[in-house]
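Keep the viewer open and follow the points in order.

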Amino acid sequence: MNERYEPQSIEGKWQARWDEAGIFRAGKRPGAPKKYVLEMLPYPSGKMHMGHVRNYLIGDVYARYFLMRGYDVLHPMGWDAFGLPAENAAIKDGVHPALRTAENIVSFKQEMKSLGYSYDWEREVNTSKPEYYRWNQWFFIKMLERGLVYRRFSKVNWCTGCHTVIANEQVKDGVCERCSSPVVDREMPEWAFRITRYSQDLLDALDTLKEWPDRITSMQRNWIGRSDGAEADFRVQGHEAALRVFTTRIDTIYGCTYVVLAPDHKLVAQVTTPERRADVDAFVKRMAAQSKTERTGEDTEKEGIFTGAHAVNPFTGQQVPIWIANFVLSDYGTGAVMSVPAHDERDFAFARKYALPVKVVIQPATGDKLPAGDALEAAYTEYGVLVDSGEYTGMPSEAARTAMAAKLEKDGQGRATVTYRQKDWGFSRQRYWGTPIPIVYCEKCDPERHGIPVPLEQLPVKLPDIDVQEVLTGKGEPPLAKVASWVNTTCPKCGGPARREAETMDTFVDSCWYFARYLSPHYDAAPFDPKEAQRFLPVDIYVGGPEHAVMHLLYFRFWTRVMKLLDLSPVDEPVKRLITQGIVNGPDGRKMSKRWGNVVAPASIIQEYGADTARAYVMFAGPPERDFDWSDDQVEGVFRFLKRVWVLASTHHASVAGATHDGPFEGKALEIRRAAHKCLKRVGEAIERLSFNTAIAGIMEGLNALSATGTPETPAEKAAMAEAVRLLAVVLTPFAPHIADEIAEAYGSKELTVAQPWPDFDPALVVDDVIPYAVQVNGKLRAEIRVAADAGEADVRAAAEADERVQSALAGKTLRKFVFVPKRLVNFVVG
RNA sequence: GCCGGUGUAGCCCAAUGGGUAGAGGUGCCAGGUCGAGAACCUGGAGGAUGCGGGUUCGACUCCCGCCACCGGCACCA
């Protein structure tokens, strides 16, 4: 072996050998248990960043380990190739998105290969290819048939920067999550997935996802936003119409002193009295001019206006005024609320502002009573006992909620009900670089423009090739509408002239089911082969960024349900175990960014230290889920570690590599074997619980112990050292596979390390003959004694009592209790 | 405000069913090697485990109440 560790001269060689051997191809061990290891597929930008490196490494280490453990490992990779960046770049410089995407994939993939990832590249998927997106269209039509897709005319989130509609999930604080441009409301038709049909199921099943991080399930719970309450009808005085409110506190209805409608509620125009009409119209108009964020933003003042109309409380028969106000949302609940200022903070503030009455109907179950409404200083929003509430007076809130909802239902004036914050997923996008929605509009067959689905056998509806300069202008109507030769077609029903839907699908559709496409990437009878789904689903471990908690990770749970509904897949949930990796910050603790000049490029680390150091460092820096700051010193430390591994292997190479020994191992030879097997045990166990940083610490510990044993002299020592070096190569394989293969080969291995079984450690070698015991007196450490490992309680106690430090601590005291913890400590409790 | 996470040596991080606070790395100090340097080797120091209570023979670990930081949700009726 070369004396010097030169990663650059060995890494490329091994990457090529892995490729040639096809060692990472899945499906070659049909009898073995399977592991599906998956990382979120990337949008192919030109260059990888450290976040990518870490993301893929977590999966890679796991995949390599289980490959060595004998599993049939499926570890694929692909490209989330549709999307805005390529299209926006095209608007700027005229390069066709398809061309740019293809180039980016080449360089991105090259970078991935230079890190030695264990992908089965034969299953590579590219979502922008017709072979892939035709199945998006297929799903669309199947879902349309089942009412899971529909067209609606509604208020949508329009991103002023991306010039397209975006989903609720993509709006953050009123701006576009992607480009930070303001998001405004627009009334327009759009296509939507009826994800809310599954809201309850998506919520309930979170409890079965025991191996998902709490933060992610909790975010999904928040996002779905289930709220239990009741609907109640308030008759409008002088009208036929009833006004339906939603409340979670029906127990406070006797304290309702007014009701409030959203400004765009259907009844506003109808109920407003002639004398209030002008004012109300002006208010409504002003509200309509504002965006939802402006109108309901955090520091927007609550304001409202009286309509002149009155509603009748279904419980009391009392008339209360009907107001409209900016803070009531038409798309949540029923778009109307009953206001109980005594028991709701917002209603309280509003009532004070407009001098509306406050009536106390709940008293705390214990403690001081609330004063009368006029004297109340703040709303009391806790549960309590009902007062001034007719026949419900004296009931606790919880019981009253049930009783009152039942009464409403009996009288046909309402019922207990549940609302969700989650909305249906609007997925129409006014962009070019996405999946065409397979719909045509025919004036003759479909005058109301519901849309006629393209017959399945005509799929895919391919994206037309375009003149980039002409079509991708970044303004106006959807780009595809400008492509006359494409948009003008014939009606599948009557054969007459028709127009294609010019909008494309949200790219989150692509990532909803790609994990299933990997199972049979060239299958052409369905999106994927259901037989393969039986074999490989669900994904055993899925690694990606937590930023996808309520978008991708919710959408693809939804889609998994659809795939089951369509008899394609047997699973209820796509992923058993989810890992959301932490952020790799710059050395200064700030997010890596050109702006701060603190970006560490993977390529430059590979160039300087090699891929193995880059890999081992990123895994060593901390637990996968935690953020960490890049540290050049720590990188150096890991590099130093690999150099020491190399030095150990190369200095002993000539004398020990071929050594064998049949006899017993004693003394130093035994010590060497013990160090190696303890290391093997520790590393394996750490990997199983995804504690990669401690796994590497375990290898370092093993190396330190082996280095400390000095030069092997006897045949036994030499053979022990040869075994130890081979085991070192084994445990290094998941983290630093190149150096591992190089060393293994030098030590006589005929096979690639990753193709070798991960050996079981020898249990006899991982236990010590003599064990240190801590001796405590009243919980305080008084002595440490060394006792044979098989010593029982009496032996250990005798040994402890024989120690003079213990004797002096016990002198003159009465023993009250003796605690014995095997292999750990003893404690004399004295009084 | 509500939900979740994190808090251990100067720094990054371990401690697997309560059982001697330390595995590993980095930085610092000392010694060795070397051409006083760099690299390398050996050794060492360094701590009320965020704060306050409780349970226990014994608490980083379990319970209660706080604090700080990070993330999510939030006029959602």
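**Notes on the model**

1. Start with one residue pair: Val440 stands opposite Arg500 in β24. The strands involved are β21 (residues 439-441) and β24 (residues 497-500), which pair in the antiparallel sense over two bridges. Two strands count as paired if DSSP finds at least two bridges between them. Strands (E, at least two residues) and helices (H or I, at least four) are DSSP runs, numbered from the N terminus.

2. A word on the source. This is a predicted model: local features need pLDDT of at least 70, side-chain atom pairs count only at pLDDT 80 or more, and totals for chains, interfaces and linings use all residues. Residues are numbered from 1 along each chain as its sequence is written, chains are lettered from A and ligands numbered from 1 in the order in which they are written, and side-chain values use heavy atoms, with hydrogens and water left out.

3. Back to the sheet. Its four strands run in the order β22-β21-β24-β23, the sheet is open, and the pairing is antiparallel.

4. Strands β5 (residues 149-159) and β9 (residues 183-193) pair over 11 bridges. Look for Trp158, which stands opposite Val184 in β9.

5. Now the domains, whose bounds come from an automatic or database domain assignment. Chain A is given domain 1 (135-204 + 425-505), domain 2 (227-419), domain 3 (632-765) and domain 4 (770-830). The C-alpha centres of domain 1 and domain 3 are 57 Å apart.

6. Aromatic rings come next. Rings of Phe, Tyr and Trp (its six-membered ring) pair if their centres lie within 6.5 Å; planes under 30 degrees apart count as stacked, over 60 as edge-to-face and the rest as tilted. The count by this rule is 49 aromatic pairs. Tyr117 and Tyr119 make a tilted one, 5.6 Å centre to centre with 50 degrees between the planes. Both Tyr117 and Tyr119 are buried (under 20% relative accessible area; exposed is over 50%, partly exposed in between; 1.4 Å probe, protein chains only).

7. The ring centres of Phe315 and Tyr392 are 5.8 Å apart and their planes are at 70 degrees, so this pair is edge-to-face. The pair links distant parts of the chain, 77 residues apart: Phe315 is in the loop between β13 (304-312) and β14 (319-325), and Tyr392 is in the loop between β17 (385-386) and α12 (397-410). Phe315 is buried at a relative accessible area of 14%. Tyr392 is buried at 4%.

8. Finally, the RNA. A residue is near a strand if one of its heavy atoms lies within 4 Å of it. How many residues surround RNA strand B? There are 51, and the closest are Thr248, Thr300, Arg421, Gln634 and Met700. Which helix gives the largest share of the surface near RNA strand B? Helix α22 does, with six residues. Of the RNA strand B atoms within 4 Å of the protein, 58% belong to sugar or phosphate and the rest to bases.
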